[in-house]
Amino acid sequence: MRYIGVIYDSKQAYEAVSSALSSYFQFRKIPFEDCATDGALDASLNIFCVNIGDKTTFERVKGAIKNSQGETLFVLPTHNSDSISQLHHLTTADHFVLPLDAEQFRTATKSALNRSVEKTWSALEPVKQKALKSAVVSFGKCFDQVANGEPIPLDDIKDSCQHICDAAELGGLDNWINALDDHHDYSFRHSMFVCGSLTYFAHAMGICGAELDQLTLGGLLHDIGKSRIPLEILDKPGKLDDREWVIMKQHPVYSQEILDRENDFDANLIAMAVYHHEKLDGSGYPDGLSGAKINDHIRLTAIADVYSALIDKRSYKGSMTSEAALEMMGGFKGHLDMDLVREFRSFTLDNG
Ligand SMILES: [Fe+2]
Ligand SMILES: [Fe+2]
């Protein structure tokens, strides 16, 4: 079980960490005395809020780090240069000093958690490892560049897509989803869920060659317009309010603008990004398309997108099991193509 342990020896330090993290991450409160007697720490990330200027504390922290597999962050009560240089002898982990800059602290926490998730990829088949390691870099670069008004790094993205197609040949979609499940970069995680679901499913349906390449690339880029949505909306830990929804629902329109200006993408791929929120009964967005105007690639993207959203464990909603998500999707008759949902359901349940 992956979790953050907040190990503290003063109420003040704990409260600072707690108020920075509580809306965004789940964590366990561990009094320093308990950690010192217990010895082993099994958290994915240990955040030490302790005064390491104290010699006994320092020695105990040293022992605890030695016994831990997880990532480490430090929050020091004061800016004491002796403590900081001692800390640097002990570990390369980042440190913060009270009062905390909550935003920076959350970013460091997210990076440390992502490092711990990415380490677990080394247990996967080499082809899957390659696909995930390549995609985490290329997707991050793509999102950042597009957010800055720069072009999509298409060679990098296509290279990652090739590795994802290779990974799909091995099957095991559940394995792919599990490897990404705890990644804290929501846009990356969601896009990889969608891209993986589409590619693995399409491969199992016998789709190959240029058509499979297009579905993979379309899946990876399907929400590229979200790079233009303000982060406070995109990464909001709670439900969006009406005003925020209006802004969020602009993302397919932004995707169209971004993909149109590249000149590299055909209309079918762009349609996956622009229309995956359309519904067969015409009640979707952005254009209210219905029936035959929604082609098979868009229908597949919509299924992968809904499935990925339902099984995702965003902090405010909790995740659904694959079975429960597929069951629910079976009731989305005016929205999704039920023949494809049935095929997707048996593929997912049989092949995982
Ligand atoms: Fe979307
Ligand atoms: Fe999506």
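Trainee: How far does helix H6 reach from its first C-alpha to its last?
Mentor: This is a predicted model, and in it H6 (residues 126-147) reaches 31 Å. H6 has 22 residues, and 32 Å is expected at 1.5 Å a residue, so the two values are close.

Trainee: Which residues of H6 are buried?
Mentor: Lys128, Ala131, Leu132, Ala135, Val136, Ser138, Phe139, Cys142 and Val146.

Trainee: And what covers them?
Mentor: The cover over the buried residues of H6 includes H5 and H7. It also includes helix H8 (173-180), helix H9 (186-204), H10 and H13.

Trainee: What comes just after H6?
Mentor: Gly149 does, with a positive phi of about 80°.

Trainee: Let's move to H5. What span should it have?
Mentor: H5 covers residues 102-120, which makes 19 residues. At 1.5 Å a residue they should span 27 Å. The end C-alpha atoms are 28 Å apart, which agrees.

Trainee: Which of its residues are buried?
Mentor: Thr109, Ala112, Leu113, Ser116 and Val117 are the buried residues of H5.

Trainee: Why say they line one face of the helix?
Mentor: Look down the axis of H5. The buried residues fall within an arc of 140°, so they line one face.

Trainee: Which exposed residues sit on the face turned away?
Mentor: Glu103, Gln104 and Thr107 are carried there, on the face of H5 turned away from its buried side.

Trainee: What does the buried side pack against?
Mentor: The buried residues of H5 pack against helix H1 (11-21), strand E3 (45-49) and strand E4 (71-76).

Trainee: Zooming out, how is the chain divided?
Mentor: Domain 1 takes 4-114 and domain 2 takes 124-351. Their centres, taken over C-alpha atoms, are separated by 36 Å.

Trainee: How many residues does each domain give to the contact?
Mentor: Five residues come from domain 1 and five residues from domain 2. On the side of domain 1 that touches domain 2, two are nonpolar, two are polar and one is charged.

Trainee: How many residues has the largest nonpolar core?
Mentor: That core has 59 residues. Those with the most contacts inside it are Ala135, Ile164, Trp176, Leu198, Leu220 and Ile303. Ala135 is also one of the buried residues of H6.

Trainee: Take Leu198. What does it touch?
Mentor: Leave out residues up to four places away in sequence. Leu198 then touches Leu215, Thr216, Gly219, Leu300, Thr301 and Ala304.

Trainee: What other core is there?
Mentor: Another core, of 30 residues, lies apart from the largest one. Ala16, Ile30, Phe48 and Val117 are among its residues. Val117 is one of the buried residues of H5.

Trainee: Why would such residues gather like that?
Mentor: In soluble globular proteins, nonpolar side chains tend to be buried together.

Trainee: Now Cys165. Where is it?
Mentor: Cys165 is in helix H7 (residues 154-168).

Trainee: What about Tyr24? Where does it lie?
Mentor: Tyr24 is in the loop between H1 and strand E2 (27-31). With 16 other C-beta atoms within 10 Å, Tyr24 is partly exposed. Tyr24 and Arg314 are 290 residues apart in sequence, and their C-alpha atoms are 9.6 Å apart in space.

Trainee: Which residues of H14 are buried?
Mentor: H14 runs over residues 267-275. Its buried residues are Leu269, Ala271, Met272, Ala273, Val274 and Tyr275. The cover over them includes helix H10 (209-220), helix H13 (251-260) and helix H15 (296-311).

Trainee: What is found in the loop between H14 and H15?
Mentor: His277 is found there. His277 counts as buried, with 21 C-beta neighbours inside 10 Å. Leaving aside neighbours within four places in sequence, His277 is in contact with Pro252, Gly284 and Tyr285. Pro286 is also in the loop between H14 and H15.

Trainee: What kind of peptide bond joins Tyr285 and Pro286?
Mentor: A cis one, with omega about 10°. The bond from Leu98 to Pro99 is cis as well, with omega near -5°. Pro99 sits in the loop between strand E5 (95-97) and H5.

Key: Residues numbered from 1 in each chain as written. Chains lettered and ligands numbered in written order. Predicted model: local features only at pLDDT ≥ 70, side-chain atom pairs only at ≥ 80, totals over all residues. Helix = DSSP H or I, 4+ residues; strand = E, 2+ residues; numbered from the N terminus. Expected span 1.5 Å × (residues − 1). Buried ≥ 20, exposed ≤ 12 C-beta atoms within 10 Å, placed from the backbone. Arc of directions from axis to C-beta. Contact = placed C-beta atoms within 7 Å. Domains from an automatic or database assignment. Nonpolar A, V, L, I, M, F, W, Y, C, P; charged D, E, K, R; others polar. Core = buried A, V, L, I, M, F, W, Y, C linked by C-beta atoms within 7 Å.
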